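Subject: Handover of the model and notes on it

Dear colleague,

Please find below the structure that I am passing on to you, followed by my notes on what was found in it. I would be glad if you could read the two side by side.

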Amino acid sequence: MTSLTKREKTLLYLLAIFLMAAGLLLWLVVPAGKAYVAQRDGLAALTQQEQLEVAAIAGAGAAQERVNALTDEVKKLGRRYPKAKSSVETDRQFTAMLKSYGLTPEVLTIGGLQQGAPLAAPGEAADGAAAEATLASTEIAISCTGTLKNINRLTAALFADRSLLVTTNSTSVGKDDSLCRLEVTLTQFYAPEAVTEAVAGTADLK
């Protein structure tokens with residue numbers, strides 16, 4: 001058997017040391033690399049989950065703001081428009097109004113209470129939260145007599161009332177201004193709330 005030279009023994013020692021170092025390096029580095037990849041993937045998943053939760057919270061906040069805006073709009077309309085009334089109550093209301101202007105009521109026709117009138121009515125454009133709610137309404141036809149001055153005063157008041165929408169308006173003048181007749185149809189709007197449908201009816205006020 002041939003003996004190894006001193007140089008060959010040195011090379012063998014160096015090779016053994018290199019193999020041991022390489023094995024130790026693989027034993028330490030490879031698991032550490034796998035742990036790093038797992039932690040990196042876990043962090044990415046947590047970051048994505050956090051982004052989804054932030055987006056969900058933001059969406060919930062926007063929805064709540066929408067609800068609050070609509071609630072505020074409904075409250076504001078509740079102050080602008082009267083609460084829904086029955087046909088009898090409406091009859092009394094407009095009869096008293098006509099008499100307060102010195103007019104003689106003749107016929108007052110009151111339609112049934114309807115839901116779903118545009119929130120912006122009358123004469124306004126709905127936008128934002130206001131586009132999502134509706135008003136209750138009822139159609140009213142009035143016939144009365146009196147002086148032309150008093151009829152004009154009443155007509156001006158009807159047009160100025162933001163809860164009313166005058167659809168037709170006709171005044172007949174007699175031999176003099178003291179005997180005139182007003183025929184008017186209008187829509188009475190009520191605050192947006194759950195209401196009981198009123199019974200339609202016609203009252204002869206002569």
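Helices (DSSP runs of H or I, at least four residues) and strands (DSSP runs of E, at least two residues) are numbered from the N terminus. This is a predicted model, in which local features need a pLDDT of at least 70 and side-chain atom pairs count only at pLDDT 80 or more, while totals for chains, interfaces and linings use all residues. Residues are numbered from 1 along each chain as its sequence is written, and side-chain values use heavy atoms, with hydrogens and water left out.

Overall picture

The protein chain has three helices and six strands, and along the sequence these follow the pattern α-α-β-β-β-α-β-β-β. Of its 206 residues, 27% count as buried, where buried means under 20% relative accessible area, exposed means over 50%, and partly exposed is in between (1.4 Å probe, protein chains only). If contact is taken as heavy atoms within 4.5 Å, then among contacts between residues at least 6 apart in sequence, 74% join residues at least 24 apart.

As for confidence, pLDDT is the predictor's confidence in each residue, from 0 to 100; the protein chain averages 75, and 67% of the residues score at least 70. Over residues 120-132 the pLDDT stays under 50, and the model has 21 contacts beyond four places in sequence for this stretch. Residues 194-206 also have a pLDDT below 50, with 33 contacts in the model beyond near neighbours in sequence.

Helix α2 has 14 residues and reaches 20 Å from its first C-alpha to its last, close to the 20 Å expected at 1.5 Å a residue, the expected span being 1.5 Å times one less than the number of residues. Its buried residues are Ser 87, Thr 90, Asp 91, Phe 94, Thr 95, Met 97 and Leu 98. They cover an arc of only 160 degrees around the axis, which puts them on the same side of α2; the arc is that of the directions from the helix axis to the C-beta atoms. On the other side of α2, Arg 92, Lys 99 and Ser 100 are exposed. The helix is followed by Gly 102, whose phi is positive, near 75 degrees.

Within helix α2 (residues 87-100), Thr 90 is buried at a relative accessible area of 1%. Not counting residues up to four places away in sequence, Thr 90 touches Lys 85, Leu 108, Ile 110, Ile 140 and Tyr 190.

Helix α3 (residues 148-160) has 13 residues, which should span 18 Å at 1.5 Å a residue, and this agrees with the 18 Å between its end C-alpha atoms. The buried residues of α3 are Asn 150, Ile 151, Leu 154, Thr 155 and Leu 158. Seen down the axis, these buried residues fall within an arc of 135 degrees, so they line one face of α3, whereas Lys 149, Phe 159 and Ala 160 on the other side are exposed.

Strands and loop

Gly 146 belongs to strand β3 (residues 134-146) and counts as buried at 12% relative accessibility. Leaving aside neighbours within four places in sequence, Gly 146 is in contact with Leu 103, Ile 151, Asp 177, Ser 178, Leu 179 and Cys 180.

Ala 191, in the loop between β5 and β6 (201-204), is buried with a relative accessible area of 6%. From C-alpha to C-alpha, Ala 191 and Ala 84 are 6.9 Å apart in space, although 107 residues apart in sequence.

Side-chain pairs

A search of the whole structure finds one salt bridge, that is, a side-chain nitrogen of Lys or Arg within 4 Å of a carboxyl oxygen of Asp or Glu. The side chains that meet in it are those of Glu 106 and Arg 181 (2.1 Å, N to O). Glu 106 lies in strand β1 (residues 104-110) and Arg 181 in strand β5 (residues 180-190), so the pair ties together parts that are 75 residues apart in sequence. Glu 106 is buried, with a relative accessible area of 14%, while Arg 181 is partly exposed at 31%.

The structure holds zero disulfides, a disulfide being a pair of cysteine sulfur atoms within 2.5 Å. Cys 144 is buried at a relative accessible area of 0%, and Cys 180 counts as buried at 2%.
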